[in-house]
Amino acid sequence: MGRAGVWSFALQRLAAAEEQAVAREFESLGFAATWIPESLGSKEVFAHAGILLSGTERLVIASGIANIYACDPMAMANGAKALGEAYPGRFVLGIGVSHAPSVKTRGGDYGKPVETMRTYLDAMDASQYAAPEPDPPVPLVLAALGPRMLELAAERTDGAHPYFVPVEHTPEARKHLGPEPFLGVEQAAVLTTDREAGLRIARAFAKNYLELPNYANNLRRLGWSDEDVAGEGSERLIDAVIAVGDVETIVRRVQDHLDAGADHVCLQVREEKSTDPALGAYRELASALGRHAAMGFSPG
């Protein structure tokens, strides 16, 4: 996975050939992994991963996350195995419980997150699969924010993928995971020297997440106030969750997560347009990351 990767919403907004070209660029820049979502209206996660895997040579594709309410446990387990067998060592399955409003839109009933996930993992383990098993096995990680889900990730999977978190969450996550499981943290960023414009982009991105109880409650658990979490978020909170600034500001935030216990940080660079894959920004960041030998990042 490397120490620094890409997390991209923009890819799923592009035509297949266009997103494959962007993914090849990520690969050539030295990013070892690209994370993709499965949100409402997005491409189905296994089909999407297949598009990206088939269009690249080395890039690891990770789901961040595959929604357990969008796919039954056997289909989830077997879809991952099929990709893992076809592209050995290049697919990581990240799964999560999503959010009550999203599940309602899909026509489902949102259950208790930890209990629901535990039952789902039991069913995945019991699934039948008639095709050849992947070698190596596909890594499995959980979208995890709170202590109980992090502990379940440590108990039952290869690790955790926290999303929309400040650096202060990372040592807490490591504490509940223990020293061995993988900890891959998403870090949103806006590369700019225009702070006002950067904050506008960051707030537009943050607003929807702050309306979701899972994210808002996680921030409150870390000590942020209701006033910080309200609306588009306080400026202090926005700065804590989204790195707004120049290249060194963003690279320093990656290093802060690594110093706090993360194994991998996937950068989600935000632009004005949701279809913009931010290639210019990723080129600048790849060059800067390559100058930080401690990050183990080797530009292509």
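Contact means heavy atoms within 4.5 Å. Helices (H or I, at least four residues) and strands (E, at least two) are DSSP runs, numbered from the N terminus.

## Basis of the model

This is a predicted model, in which local features need pLDDT of at least 70 and side-chain atom pairs count only at pLDDT 80 or more, while totals for chains, interfaces and linings use all residues. Residues are numbered from 1 along each chain as its sequence is written, and side-chain values use heavy atoms, with hydrogens and water left out.

## Helix 9

Helix 9 spans residues 213–221, and its buried residues (under 20% relative accessible area, 1.4 Å probe, protein chains only) are Y215, A216, N218 and L219. Viewed down the helix axis, these residues fall within an arc of 160 degrees (taken from the directions from the axis to the C-beta atoms), so they line one face of helix 9.

The buried residues of helix 9 pack against helix 7 (169–177), helix 8 (195–210), helix 10 (226–229) and helix 11 (235–241). Just after helix 9, G223 adopts a positive phi of about 105 degrees.

Strand 1 pairs (at least two DSSP bridges between the strands) with strand 10 (residues 264–269) in the parallel sense over three bridges; here A4 stands opposite V265. Strand 1 also runs parallel to strand 2 (residues 33–36), to which two bridges join it, and T34 is the bridge partner of V6.

Definitions and conventions
Buried means under 20% relative accessible area, exposed over 50%, partly exposed in between (1.4 Å probe, protein chains only).
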